[in-house]
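I opened this notebook to record what I looked up, entry by entry.

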Amino acid sequence: MDNHFNITFSNGQIAQAIRVHEPAQLSKALSKIGLEGPRPILVVVGGASSVSEVSLQSMQKFFVEVLAPIVERLGAYVVDGGTDVGVMQLMGQARAQTGCTFPLIGVATDGKVALPNQSDPPADSTPLEPNHTHFILIPGEKWGDESPWMVRVATVLAAGDPSVTVLLNGGEITFQDALYNVIAGRLVLVIAGTGRTADKLASALHGEPTTDERCKQLVESGLLQDINIQDDFNLLAQLIQGLLSNQNQQSQLEPNLKFDNF
């Protein structure tokens, strides 16, 4: 089977997809499906579980009124996990609702996702989100295998342009996503007020006591910043757009920083 193929969803959306087996293949694979840098890159990680209806509505508005318009305005790309759940679903729905045309790139573990009309999908698989425009399918059999690949895709496509990771809610894998982005020297913008991992990290950023060594070490990297989803959306938009527009915003991880508790 050709590694490059199209995926047709029931909503009529046709996405380009490619299977990549080695990191060294990534740049050529991205070019083959029409994705090339340098571009500003927004990476979206986290989840949307265990939140109230009011909080979920706030998250939906944040994607529709803040993230999608900024990405469209800057000619940026979005990279996320590509499945039809959580923040990936919110991002896809926001792109469709706003009529935006920016590339929305899902990086998904081949052994955990179900393609449309697939006759024999993997056990316990999750459908792909139908408003994404591109999918990078990477090897793996468990959730989280995609984490380092998402970071690689973002780095290749940014090619020196600004890139920022936005983290909302999330569970255990979200800590891993944050770690890989920090190691790559990418700022992680934690959206406080969205629950779970995001709120744990935001609390640690504000100096509140925590027994979670992962929170402590991520905060010590100096590459976490937080904003609250209840803040004025115009202010949130100005901050995120500024980060994605500033060529000098990237920092480097201190070389002696160790992550022993992940």
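This is a predicted model: local features need pLDDT of at least 70, side-chain atom pairs count only at pLDDT 80 or more; totals for chains, interfaces and linings use all residues.

**Entry 1: H134**

I looked up where H134 sits and found it in strand β8, residues 134-138. Is H134 buried or exposed? Its relative accessibility is 10%, so H134 counts as buried, because the cut-off for buried is under 20%. Next I listed its contacts, leaving out residues up to four places away in sequence. H134 touches A15, Q16, I33, L35, P103, L104, I105 and G106. I then took one partner, Q16, and checked the separation. H134 and Q16 are 118 residues apart in sequence, yet their C-alpha atoms are 4.8 Å apart in space.

**Entry 2: G170**

I went on to G170, which is found in the loop between β9 (163-168) and α5.

**Entry 3: aromatic pairs**

How many aromatic pairs does the structure hold? I got three. One of them joins F62 and F63 and is edge-to-face, at 6.2 Å centre to centre with 85 degrees between the planes. I looked up burial for both residues. F62 is at 0% relative accessibility and counts as buried. F63 is buried too, with a relative accessible area of 1%.

Another pair joins F62 and F233. Why is it edge-to-face? The ring centres are 6.2 Å apart and the planes stand at 70 degrees, and planes over 60 degrees apart count as edge-to-face. This pair links distant parts of the chain: F62 is in helix α2 (residues 53-74), F233 is in helix α8 (residues 233-245), and 171 residues separate them. F233 is at 17% relative accessibility, so I logged F233 as buried. I noted F62, F63 and F233 together as one aromatic cluster.

**Entry 4: α2 against α8**

α2 and α8 pack at about 40 degrees, and their axes are 10 Å apart. That angle makes α2 oblique to α8. The crossing is right-handed. On the α2 side I found S58, K61, F62, E65, V66, L67, I70, R73 and L74. On the α8 side they meet F233, L236, A237, I240, Q241, L244 and S245. F62 and F233 are both in this list.

**Entry 5: α4 against α5**

S147, P148 and V151 in α4 meet I173, Q176, D177, Y180 and N181 in α5.

**Entry 6: charges over rings**

Last, I looked for arginines placed over rings. The charged end of R152 sits over the ring of W149, 5.0 Å from the ring centre. The charged end of R214 sits over the ring of F175, 3.8 Å from the ring centre.

Conventions: Residues are numbered from 1 along each chain as its sequence is written. Side-chain values use heavy atoms; hydrogens and water are left out. Rings of Phe, Tyr and Trp (its six-membered ring) pair if their centres lie within 6.5 Å; planes under 30 degrees apart count as stacked, over 60 as edge-to-face and the rest as tilted. Buried means under 20% relative accessible area, exposed over 50%, partly exposed in between (1.4 Å probe, protein chains only). Helices (H or I, at least four residues) and strands (E, at least two) are DSSP runs, numbered from the N terminus. A charge sits over a ring if NZ of Lys or CZ of Arg is within 6 Å of the ring centre and within 35 degrees of the ring normal. Axes are lines fitted to C-alpha atoms, for helices over the stretch in contact, and angles run from 0 to 180 degrees between N-to-C directions. Angles under 35 degrees count as roughly parallel, over 145 as roughly antiparallel, 65 to 115 as roughly perpendicular and the rest as oblique. A crossing is left-handed if the near helix is turned anticlockwise from the far one by less than a right angle, and right-handed if clockwise. Contact means heavy atoms within 4.5 Å.
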